[in-house]
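I want to read the fold step by step and write down what I look up.

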Amino acid sequence: SVSLVSNDVADAYYNSRGYESRIGAWASKQSEELISRDDLINSIEKYKKKYNDKNKVPRPSHWSGWRLMPSEIEFWLDGEGRIHERLNYKKENGSWKKELLYP
């Protein structure tokens with residue numbers, strides 16, 4: 001299952017990050033095309049001026065997090081001749097069970 005974290009959780013994690021990372025959250029248009037690196041540098045400088053007190057950089061409203069609660073995870077290691085190594089972890093009754101799977 002996946003769920004959006006609460007504002008309190010997002011705030012706590014955001015505030016645990018360094019100043020440069022918090023400024024970056026404001027300056028970056030994450031995953032959009034960046035035409036010029038100078039655009040990013042200029043945006044960083046703009047937000048450093050706006051939030052010059054390193055202890056008072058608010059969390060942007062668009063910045064949050066997701067809580068992923070997997071019930072099964074597989075790790076796959078490529079093997080020669082298609083003899084792969086596959087490890088599968090399944091959550092059963094609150095505990096993780098490890099399985100080795102055929103390739």
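These are my entries, from the whole chain down to single residues.

**Entry 1: the whole chain**

I start with a caution: this is a predicted model. I looked up the secondary structure and found three helices and five strands. Along the sequence the pattern reads β-α-α-α-β-β-β-β.

Next I checked the overall dimensions. The C-alpha atoms fill a box of roughly 55 × 35 × 20 Å along the principal axes. The radius of gyration is 21 Å, while a compact globule of 103 residues would have one near 13 Å. I also noted that 21% of the 103 residues count as buried.

Then I looked at contacts between residues at least 6 apart in sequence. Of these, 47% join residues at least 24 apart.

**Entry 2: the sheet**

In what order do the strands of the open sheet lie? I read β3-β4-β5, three strands with antiparallel pairing. The edge strands are β3 (72–77) and β5 (95–101), and each pairs on one side only. From one strand to the next, the twist averages 20°.

I took the two pairings in turn. Six bridges join β3 to β4 (residues 85–92), and the two run antiparallel. Here Glu-74 stands opposite Asn-88 in β4. Trp-76 stands opposite Arg-86, also in β4. The pairing of β4 and β5 is antiparallel too, over seven bridges. On that side, Asn-88 faces Glu-99 in β5.

I then followed the turn from β4 to β5. This hairpin has two residues between its strands, and Asn-93 takes a positive phi near 55° there.

**Entry 3: Asn-88**

Asn-88 came up in both pairings, with Glu-74 opposite in one and Glu-99 opposite in the other. Is Asn-88 buried or exposed? The relative accessible area of Asn-88 is 2%, so Asn-88 is buried; the cut-off for buried is under 20%.

I listed what Asn-88 touches, leaving out residues up to four places away in sequence. The list is Glu-72, Ile-73, Glu-74, Lys-97, Lys-98, Glu-99 and Leu-101. I also looked up one distance. Asn-88 and Lys-98 are ten residues apart along the chain, and their C-alpha atoms are separated by 5.8 Å.

**Entry 4: the helices**

I moved to helix α2 (residues 19–27), where Arg-22 is found. Which residues of α2 are buried? I found Tyr-19, Arg-22, Ile-23, Ala-25 and Ala-27. The buried residues of α2 pack against α1 (7–16) and α3 (37–50).

Arg-22 made me stop. Arg-22 is buried yet has no salt bridge. The nearest side chain of opposite charge is Asp-53, 7.6 Å away. A salt bridge needs a side-chain nitrogen and a carboxyl oxygen within 4 Å. Beyond four places in sequence, Arg-22 is in contact with Tyr-14, Asn-15, Arg-17, Lys-54 and Val-57.

For contrast I looked up Asn-55, in the loop between α3 and β2 (66–68). Asn-55 is exposed, with a relative accessible area of 72%. Asn-55 and Tyr-19 are 36 residues apart in sequence, but 7.9 Å apart in space, C-alpha to C-alpha.

**Entry 5: salt bridges**

How many salt bridges does the structure hold? I count five. As a general point, side chains of opposite charge can pair when their charged atoms come close.

Arg-59 and Asp-11 meet at 2.5 Å, N to O. Arg-59 lies in the loop between α3 and β2 and Asp-11 in helix α1, so the pair ties together parts 48 residues apart in sequence. Arg-59 counts as buried at 18% relative accessibility. Asp-11 counts as partly exposed at 27%.

Lys-48 and Glu-20 meet at 3.2 Å, N to O. Lys-48 counts as partly exposed at 23% relative accessibility.

Lys-90 and Glu-99 meet at 4.0 Å, N to O. Lys-90 is partly exposed, with a relative accessible area of 27%, whereas Glu-99 is buried at 17%. Salt bridges that share partners join Lys-90, Lys-97 and Glu-99 into one network.

Notes:
Residues are numbered from 1 along each chain as its sequence is written. This is a predicted model: local features need pLDDT of at least 70, side-chain atom pairs count only at pLDDT 80 or more; totals for chains, interfaces and linings use all residues. Side-chain values use heavy atoms; hydrogens and water are left out. Helices (H or I, at least four residues) and strands (E, at least two) are DSSP runs, numbered from the N terminus. Buried means under 20% relative accessible area, exposed over 50%, partly exposed in between (1.4 Å probe, protein chains only). Lys and Arg count as positive and Asp and Glu as negative; His and the chain ends are not counted. Contact means heavy atoms within 4.5 Å. Two strands pair if DSSP finds at least two bridges between them. Axes are lines fitted to C-alpha atoms, for helices over the stretch in contact, and angles run from 0 to 180 degrees between N-to-C directions. The radius of gyration is taken over C-alpha atoms; the globule rule is 2.2 Å times the number of residues to the power 0.38.
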